[in-house]
Amino acid sequence: MTPEGEALLRQGAAELGLNVDARVPAFAALLDLLVEANSRVNLTALKTESDIVLKHFVDSLSCLRGGHLDGEGLRVLDIGTGAGFPSLPLAIMNPQTDFTPLDSIRKKIDFVRAAAASLNLTNVSPQVGRAETLGRDADHREGYDRVVCRAVAALPILAELGLPLLKTGGRLVAQKGPISEDELRAGRRAAGEVGGRVTVVDAFTLPVLGDARTLVVIEKTGPTPAKYPRREGVPNQQPLFWTAR
Ligand SMILES: C[S@@+](CC[C@H](N)C(=O)[O-])C[C@H]1O[C@@H](n2cnc3c(N)ncnc32)[C@H](O)[C@@H]1O
């Protein structure tokens with residue numbers, strides 16, 4: 001990573017109230033791995049160092065706003081992790097938290113697995129699969145303290161995919177762009193349907209760039225009815241209480 005890239009990482013993290021000094025070598029190594037892998041396989045549209053630092057690394061770290069991922073020994077599932085975001089930056093920052101990055105695309109998880117091994121992140125257990133399938137698997141249903149997701153789907157879809165996988169009292173932390181009132185209304189209704197409640201809607205701007213972001217937290221207040229999640233693809237095709245696509 002160039003000195004300019006390091007400075008952006010430190011500045012972006014500092015604006016989030018985080019000190020990344022001890023983690024800079026790990027982020028530099030992740031940058032190299034991502035750029036090298038992306039030259040062979042299409043993993044991410046972001047190619048430049050500053051874009052990767054700000055729009056992947058710092059953007060992922062914004063999931064730490066509000067302290068929703070604080071705590072010893074938490075199990076965190078990252079639905080639709082892609083090339084490992086937000087879980088790889090979060091795992092670098094929080095060695096005491098166990099992350100399961102999940103994606104349905106094998107080549108992406110192959111990269112996440114190789115990157116985690118190369119960075120010696122023993123708190124990362126990547127998994128290929130769909131959230132709908134994991135949500136019906138007894139080994140995973142109600143198995144997580146937190147679900148995180150970034151840039152994956154509309155809020156009602158995330159509620160249906162994420163809540164079945166949470167323990168009661170657990171939280172889904174969805175990092176999104178700006179969210180419309182309609183999406184939020186549908187998300188609140190969907191959360192109620194699957195055993196949860198929207199507790200936080202935190203609108204903020206991304207450090208350095210100023211892009212609009214929203215962190216939405218859904219707390220799981222009771223068991224999810226057995227009919228959820230519906231079968232693969234249905235939550236996306238027929239989102240609960242949500243018609244605007
Ligand atoms: C737009 S990408 C975002 C990737 C990453 N979270 C990021 O912020 O860079 C969405 C990813 O979610 C995955 N995905 C979408 N629906 C999924 C599901 N139901 N189960 C597992 N993965 C899913 C896709 O394969 C894709 O890699």
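These legends describe close-up views of a predicted model.

View 1. The UniProt record, an unreviewed entry, places a "binding site" feature at G80, F85, A131, E132 and R150.

**View 2. G80 in its loop.** G80 sits in the loop between β1 (75–79) and α4 (87–93). Is G80 buried or exposed? G80 is buried, because 21 other C-beta atoms lie within 10 Å and the cut-off for buried is 20 or more. Leaving out residues up to four places away in sequence, G80 touches D103, C149 and V152. G80 is also one of the positions in the UniProt "binding site" feature.

**View 3. E132 in helix α6.** E132 belongs to helix α6. E132 has 20 C-beta neighbours inside 10 Å, so it counts as buried. Which residues does E132 contact, leaving aside its neighbours within four places in sequence? They are L161, P229, R231, E232 and P235. The UniProt record includes E132 in its "binding site" feature.

View 4. Helix α2 runs over residues 24–38. At 1.5 Å a residue, its 15 residues should span 21 Å. The end C-alpha atoms are 21 Å apart, which agrees. F27, L30 and L34 are buried in α2. Why do the buried residues of α2 line one face? Seen down the axis of α2, they fall within an arc of 60 degrees, so they line one face of the helix. An α-helix has 3.6 residues a turn, so residues three or four places apart point the same way. P25 and E36, on the other side of α2, are exposed. The cover over the buried residues of α2 includes α1 (3–15), α3 (49–61), α4 and α5 (106–118).

**View 5. Helix α8 and what follows.** Helix α8 covers residues 181–193. Its 13 residues should span 18 Å at 1.5 Å a residue. The end C-alpha atoms of α8 are 18 Å apart, in agreement. The buried residues of α8 are A186, G187, R188, A190 and A191. What do they pack against? Their partners are α7 (155–162), β6 (196–205) and β7 (212–220). Just after α8 comes G195, with a positive phi of about 100 degrees.

Note on methods. Residues numbered from 1 in each chain as written. Predicted model: local features only at pLDDT ≥ 70, side-chain atom pairs only at ≥ 80, totals over all residues. UniProt positions renumbered as here; feature names shortened; annotations may be inferred. Helix = DSSP H or I, 4+ residues; strand = E, 2+ residues; numbered from the N terminus. Buried ≥ 20, exposed ≤ 12 C-beta atoms within 10 Å, placed from the backbone. Contact = placed C-beta atoms within 7 Å. Expected span 1.5 Å × (residues − 1). Arc of directions from axis to C-beta.
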